[in-house]
Amino acid sequence: MESTELSKIIFGIQPTVLWDENNKRSEEAKRQADVYVFCVLAHKDKGTVNPLDLSQWDFMY
């Protein structure tokens, strides 16, 4: 089945718990990175889209 609509863009960076090396969960939920880089494949023409072409992406940080 071919999609006729573009996907809804959602980024999730909610705090999470960490699994440690002893397979135990941390007590505190927190963000697991200091920096997040968001990117969206912004090219909309299905005939010429190329995910390896970085010029077709929008990057946000």
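**Ala 33**

I started at Ala 33, which I found in the segment before β1. This is a predicted model, so I keep in mind that local features need pLDDT of at least 70. Buried or exposed, or something in between, I wondered of Ala 33? With a relative accessibility of 33%, Ala 33 counts as partly exposed. Next I looked up how far Ala 33 is from Gly 47: the two are 14 residues apart in sequence, and their C-alpha atoms are 36 Å apart in space.

**Secondary structure and overall form**

I then stepped back to the whole chain. How many helices and strands does the protein chain have? I noted zero helices and two strands. The radius of gyration is 17 Å, while the globule rule gives 10 Å for 61 residues; the chain is well over that value, so I wrote it down as more spread out than a compact globule. The C-alpha trace spans about 50 × 30 × 20 Å along its principal axes.

**Burial, contacts and surface**

I looked up burial next, and buried residues make up 3% of the 61 residues. For contacts between residues at least 6 apart in sequence, I noted that 21% join residues at least 24 apart. The accessible surface of the chain comes to about 6,000 Å², and 54% of this belongs to carbon and sulfur atoms. I also checked the charges: there are 7 positive and 10 negative ones, and their mean positions are 6 Å apart.

**Gln 56**

I went on to Gln 56, in the loop between β1 (38-41) and β2 (57-60). Why does Gln 56 count as buried? Its relative accessible area is 9%, and the cut-off for buried is under 20%. What is Gln 56 in contact with, leaving aside its neighbours within four places in sequence? I listed Val 40, Leu 41, Ala 42 and His 43, and then Thr 48, Val 49 and Asn 50.

**Aromatic rings**

My last stop was the rings, where I counted two aromatic pairs in the structure. One of them is formed by Tyr 36 and Phe 38, and I noted this pair as stacked, with 6.3 Å centre to centre and 15° between the planes. Which residues do the ring pairs link into a cluster? I found Phe 11, Tyr 36 and Phe 38 there. Tyr 36 itself is partly exposed, with a relative accessible area of 26%.

Key. Residues are numbered from 1 along each chain as its sequence is written. This is a predicted model: local features need pLDDT of at least 70, side-chain atom pairs count only at pLDDT 80 or more; totals for chains, interfaces and linings use all residues. Side-chain values use heavy atoms; hydrogens and water are left out. Helices (H or I, at least four residues) and strands (E, at least two) are DSSP runs, numbered from the N terminus. The radius of gyration is taken over C-alpha atoms; the globule rule is 2.2 Å times the number of residues to the power 0.38. Buried means under 20% relative accessible area, exposed over 50%, partly exposed in between (1.4 Å probe, protein chains only). Contact means heavy atoms within 4.5 Å. Accessible areas come from the Shrake-Rupley method with a 1.4 Å probe; for residues, only the protein chains shown count as cover. Lys and Arg count as positive and Asp and Glu as negative; His and the chain ends are not counted. The place of a charge is taken as NZ of Lys, CZ of Arg, CG of Asp or CD of Glu. Rings of Phe, Tyr and Trp (its six-membered ring) pair if their centres lie within 6.5 Å; planes under 30 degrees apart count as stacked, over 60 as edge-to-face and the rest as tilted.
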